[in-house]
Amino acid sequence: MKSYHSGILTRAVKTNIKAWALLSPALLFLLVFTVFPILRSFYLGLTQFELGMRTPVFIGLENYLNFAKSQLFWKIMGNTLLFSLLTVIPSMVIGLCLALIVNKKFKGVGFLRTAFFYPVVMPMIAIASIWMFIYMGESGMLDQLLIMVGLKPLNVLSYRHTVVPAMSFMYVWKEAGYLMIFFLSGLQNISEEMYEAATIDGAKPWTMFRKITLPLLAPTLLFVSTIALTNSVKLVDHIVIMTEGGPNNGSTMLLYHIYQQGFAWFDQAKASALTVVMLVIMLGISMLQFVNTDSKIHYN
Amino acid sequence: MQKHNRGLMPVFGFLLAIFWLIPLVWMIGTAFTEGSYNMSLLPQTKPTFENLRYVWNAVPFGRYYLNTVIVVIVTYSVQFITVTMAAYALATLKFKGEKLVFIIIFIQIIIPNDVLISPNYMTLSDLGLTDTKLGIMLPFFGSAFGIFLLRQMFKTIPTALAEAAVIDGCNTFQIIKNVYVPSAKTAYISFGLVSVSYHWNNFLWPLIVTNSPENRTLTVGLALFAKSKEAVMQWSNVCAATFIISAPLVLAFFIFQKKFINSFISSGIK
């Protein structure tokens, strides 16, 4: 009660102190484990700091120039891009199809939602362990199936042309259910009356999908694409189980390479420079958001 | 046309669902049947708990379970406090530097901790916290997602409620505890489910941080087992281990399907 009698200025000061005091625990952790490491990566990326060195030595942009010349670096960037291409659009298309299916009312629709969504709550490590046996050469489920229909076994994880597509297929299976729920909530925001009016006008389902559903779902599509992109770029758990980046770096992704540089080869400077590359990619993805400010609708 | 369409969609949906369920059915079936060199979708022998028993004894899964439960509970408990305080300040108080706080929050929403493994490990080793459970949890104690989610929820709570509490003689902490926290139950559940699932399933960071079985979590334990010599070609054992680590969350999801799905929708904040 006392504060009610104190002056305007002191009350404002008090509010400021109170706000910052309440914010300080959360901000402390955000600063130490998000803001500071970003700055540290930028700094260490400009240095040489290998195993056995006491302190980092400033070398300017040399790490980045070396990346630009390195075949391995471009191979890894290529792998990362290929994995994103093979996962983002397919998982979005399938996620949308799944949402269209489970948006209808029929018996067993809850079962379908459960079936499509359960891979989301399973650890990637568990999923990779299961799919390992699907993809395993000769005795794996996929190769057994191929042998059964008279084809040659593929042993998909052992060849550089098939390893990324195989991992992508697994990931689309895991991710589609996650993207489905965003489309589902987008679909449920479209009023039923629009479809009724279109039906009276004699519109075919495909026309309705193109002229009503897709345009009204555009903000959701944009927003989902940033989620899908972010997730695909930072996915590495399965690599540890399935291939460790092989064959011949054929499945090494950017984040996995950061892990290799930092924790297998103990080169924290290169790991930091690679982290900066990653940060730039993450920033680029989040810029997508600003293409259309309508996407903010989802915040509410 | 419309009717015809409705008739086909569910059928197509059920076929897809069967495809989606194959890995789960195979995993559970294999976990509970005797080991065999032939892979078959459905169990060929009598159900057995032998694989589960073998794996549970071969790997300290009991210890890993305890570690994971500790990590998950402590992380969410600390998040609960830090996030509630920050969200309350952002939702109800006008103060200098608000923009700066939002910038910091957005930085974490754009740059998830998963990509900062290398610098964060250095910080952890500066603090002498490598190979500790605290080290696994520490980077997640402040959650931008949680702050954002709760702030949105707190904003919808009428200030009249808080004013009434002030008249009743409540201080700030009592107002938060008695007015804001109870009114934001659904947001806490959403944040809790997302946080718990994330930390239960998280792998790379605990793998990097921990060195000893005393601190390893379930996912790290599974990875080490799946890559060990005993596990090669022994899919019944690997499936049993997979079952052990994923069963709690998958089971919880099967029971609380709607809650999980609604919670994960909020996890899409970008």
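Me: How many of the 10 residues of helix α12 (residues 218-227) of chain B are buried?
Reply: A residue is buried if 20 or more other C-beta atoms lie within 10 Å of its own, exposed if 12 or fewer, and partly exposed in between, with C-beta atoms placed from the backbone. Helices are DSSP runs of H or I, at least four residues, and strands are runs of E, at least two, numbered from the N terminus. Helix α12 of chain B is largely enclosed by the rest of the structure, because its buried residues number 8.

Me: What is the mean pLDDT of chain B?
Reply: This is a predicted model, where local features need pLDDT of at least 70, side-chain atom pairs count only at pLDDT 80 or more, and totals for chains, interfaces and linings use all residues. Residues are numbered from 1 along each chain as its sequence is written, while chains are lettered from A and ligands numbered from 1 in the order in which they are written. pLDDT is the predictor's confidence in each residue, from 0 to 100. In chain B, 93% of the residues reach 70 or more, and the mean is 90.

Me: Which residues of chain A does B:Phe203 touch?
Reply: B:Phe203 lies in the loop between α10 and α11 of chain B. It counts as buried because 24 C-beta neighbours lie inside 10 Å. Contact requires C-beta atoms, placed from the backbone, to lie within 7 Å. Leaving out residues up to four places away in sequence, B:Phe203 touches B:Thr219, B:Val220 and B:Ala223 in its own chain and, across in chain A, A:Pro123, A:Met124, A:Ile125 and A:Asp237.

Me: How many residues of chain B are in contact with chain A?
Reply: Chain A brings 81 residues to these contacts. Its helix α1 (residues 8-44) gives the most to that side, with 22 residues. The number from chain B is 77.

Me: Is B:Tyr54 buried, exposed or partly exposed?
Reply: B:Tyr54 is found in helix α2 (residues 50-58) of chain B. Its C-alpha atom is 9.0 Å from that of B:Ala240, which is 186 residues away along the chain. With 17 other C-beta atoms within 10 Å, B:Tyr54 is therefore partly exposed.

Me: How many residues does the largest nonpolar core have?
Reply: A nonpolar core is a set of buried Ala, Val, Leu, Ile, Met, Phe, Trp, Tyr and Cys residues joined through C-beta atoms within 7 Å. Among those with the most contacts inside the core are A:Met180 and B:Ile147. B:Ile147 touches residues including A:Ala26, B:Val83 and B:Ile105. The core's residue count is 161.

Me: How far apart are the end C-alpha atoms of helix α4 (residues 98-110) of chain B?
Reply: The expected span is 1.5 Å times one less than the number of residues. For the 13 residues of α4, that should give 18 Å, which agrees with the end-to-end separation of 19 Å.

Note on methods:
Two residues are in contact if their C-beta atoms, placed from the backbone, lie within 7 Å.
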